[in-house]
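Hi,

Here is the structure I promised to pass on.

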Amino acid sequence: IPVDPFDLVIFGGTGDLARRKILPGLFRRFLAGQMPPESRVIGAARSEYGDDEYRAEVKAALEEFIAKDSRPAKDVKAFLDRIHYVAIDATGKAGWSDLKKLLRSDVVQAFYFSVAPSLFGPLAERLHEWKCAVKDARIVVEKPFGRDLESARALNRTLGDHFDESQIYRIDHYLGKETVQNLMAVRFGNMLFEPLWNAQYVDHVQITVAETVGVNGRGAYYDKSGAMRDMVQNHLMQLLCLIAMEPPSRFDPDAVRDEKLKVIRALDPVDKNDIVRGQYVSEEDGESYLEQVEDPDSLTESFIAMKLNISNWRWAGVPFYLRTGKKLKARASEIAIVFKDAPHSIFGQELGRHRNILAIRLQPNEGITLGVTIKEPGPGGMRLVDVPLDMTFKDALGPDGDEIPDAYERLIMDVIRGNQTLFMRGDEVEAAWAWTDPLIKGWIERGERPKSYDVGSTGPEDAAVLMHREGRKWRDIK
Ligand code: BG6
């Protein structure tokens, strides 16, 4: 279904995110027929380009990030015809009157701030000052949204001086992932799971976001953030909220975000013994974390595992284990709901422990697996074995099914539609920082050094101990 005609301005239009995600994502939506002919994408950045030079850059980005047979030349040309460019100074005066002249007031206006966070404020101020934005224009801001509660509040205030909360779209691209949205569909679209979704039936929950990439190339940013700020405060926190929240009354922006906020506010402070931080090391030259960042003594973590408790009626006593890290064994992200043992085994103790596990794989091989216990086939008596009921989205969609769209495609179209459900509200971001800040402060004050872990492993040994000491274990990263 096509969205309304729009003018989308990408500040930072020549940057990495625009090239890798935003422009290819828009092109795919264009191919899908979602971009009405009158719509335009306007790159805005410092380089003194004209439209043609920018179009050449966009073309190169499509060639790099879209497979050849998915970009017929005539479609690329038609898409490029909608691309424009304005050279602009985010902190000065240059370019703003050109942008103003170019923008139309009778279409949806969206301004994507794909720039360093220090420019969010100046951009909002200038859009206002130059009267570029119409009354219901949208602004899209990328993470990191602040680096602590204080800076996030300041940012919310600055944006709030010029735009209403209903105009601000704070992106967490994890919310745009198909499987993450599916998590809500599975929970609230089926009768089967929700009655069991509580402390009476759930033993614990595991959330893993494992990456094989390191910080090479972005060490300067990463070393000032670490896994806690880069991944937990936003992406993992959002996943946690979707699993733990109460059913919203409707799938609408404030109903969903109100429920997520309650989860963050119900999080207990985390004991220092329930957090394991790690840093990757390698015997190969230049491959260790400390060789890829400026500070050779850096105490920043590239891995973190932790145990959280949610203090509310539904989840009292159910630990949520989170882990994420770089340079691990495999790229594998999943959420696993591990159910309790059946209360009584009619088959006798020696049959061992069998637990149902509902695993939602976010990437790769997006899908859902439900582990069930059955009788081992054959004449060997009543032996139990655990087997997966497996569903991958690829299989479910069939060979002619659409490719799973990238998170950014969905989110950008939601901005144009004016749907904020999959975007973070200001109070949510602040609540997440309010919970995160004391933990970070704690390990900085203690001068804690992250534990080393080998590149290609599952993280530091202590992360396994975090589970073992309570008779549990992490699911394999594969
Ligand atoms: C980003 C982080 O937000 O998410 C990166 O800054 C991380 O460090 C990335 O690699 C992971 O996203 P995805 O979609 O590849 O899982």
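One definition before I start: two strands count as paired here if DSSP finds at least two bridges between them. Please also keep in mind that this is a predicted model.

Let me begin with an open sheet of 9 strands, with mixed pairing and the order 14-13-12-11-7-10-9-8-15. Its edges are strand 14 (384-392) and strand 15 (451-454); each has a single partner strand, so one side of each has no neighbour in the sheet. On average, neighbouring strands are turned by 20 degrees against each other, direction ignored.

At the strand 15 end, strand 8 (residues 275-281) pairs with strand 15 in the parallel sense, over 4 bridges. In that pairing, Gln 279 stands opposite Ser 452 of strand 15. Two helices pack on the sheet. Helix 7 (residues 178-189) touches strand 11 (332-339), strand 12 (357-363) and strand 13 (367-375), and its direction makes about 150 degrees with that of strand 12. Helix 8 (residues 219-244) touches strands 7, 9, 10, 11 and 12, with its direction at about 145 degrees to that of strand 10.

**Strand 9**

How many of the residues of strand 9 are buried? The count is 6 of 6, so the strand is mostly covered if buried means under 20% relative accessible area. In a regular strand, side chains alternate between the two faces of the sheet. Here both faces are covered: Phe 303, Ala 305 and Lys 307 are buried on one side, and Ile 304, Met 306 and Leu 308 are buried on the other.

Strand 9 also has paired strands on record. It runs antiparallel to strand 8, with 4 bridges between them, and Met 306 is the bridge partner of Ile 275. Strand 10 is antiparallel to strand 9 as well, joined to it by 6 bridges; there, Leu 308 stands opposite Phe 320.

**The annotated binding site**

An unreviewed UniProt entry carries a "binding site" annotation covering Gly 12, Gly 13, Thr 14, Gly 15, Asp 16, Leu 17, Ala 18, Arg 19, Arg 46 and Lys 143. From this set, Lys 143 is part of the lining of the largest cavity.

Thr 14 sits in the loop between strand 1 (6-11) and helix 1 (16-31). Its relative accessible area is 25%, which makes it partly exposed. Beyond its neighbours within four places in sequence, Thr 14 has contacts that include Arg 19, Ala 45, Ser 47 and Tyr 85.

Lys 143 belongs to the loop between strand 5 (138-141) and helix 6 (149-162). With 22% relative accessibility, Lys 143 is partly exposed too. Its side chain reaches the backbone oxygen of Asp 230 at 3.0 Å.

**Two buried glutamines**

Gln 34, in the loop between helix 1 and strand 2 (40-45), is buried at 8% relative accessibility. Its side chain reaches the backbone oxygen of Ile 1 at 3.3 Å, and its contacts away from its sequence neighbours include Pro 2, Val 3, Met 413 and Arg 417.

Gln 238 is in helix 8 and is buried, at 2% relative accessible area. Its side chain makes a polar contact of 3.1 Å with that of Glu 428. Gln 238 also touches Asp 172, Leu 175, Lys 260 and Met 424, leaving out residues up to four places away.

**Backbone geometry to look at**

Most residues other than glycine have a negative phi, and most peptide bonds are trans. Where does this model show something else? Another joins Gln 363 and Pro 364, with omega about -15 degrees; Pro 364 lies in the loop between strand 12 and strand 13.

That loop also holds Asn 365, which has a positive phi of about 50 degrees and is exposed at 54% relative accessibility. Lys 131 has a positive phi too, near 50 degrees. This lysine lies in the loop between helix 5 (120-129) and strand 5, and Lys 131 is exposed at 62% relative accessibility.

Happy to talk any of this through.

Best wishes

How values were computed. Residues numbered from 1 in each chain as written. Predicted model: local features only at pLDDT ≥ 70, side-chain atom pairs only at ≥ 80, totals over all residues. Heavy atoms only, no water. Axes fitted to C-alpha atoms, helices over the stretch in contact; angles between N-to-C directions. Contact = heavy atoms within 4.5 Å. UniProt positions renumbered as here; feature names shortened; annotations may be inferred. 1 Å grid on protein atoms, 1.4 Å probe; cavity = no way out; pocket = protein on both sides within 12 Å on 5 of 7 lines; lining within 4 Å. Buried < 20%, exposed > 50% of the residue type's maximum accessible area, 1.4 Å probe, protein only. Polar contact = N/O pair within 3.5 Å; in protein donor to acceptor, adjacent residues only side chain to side chain.
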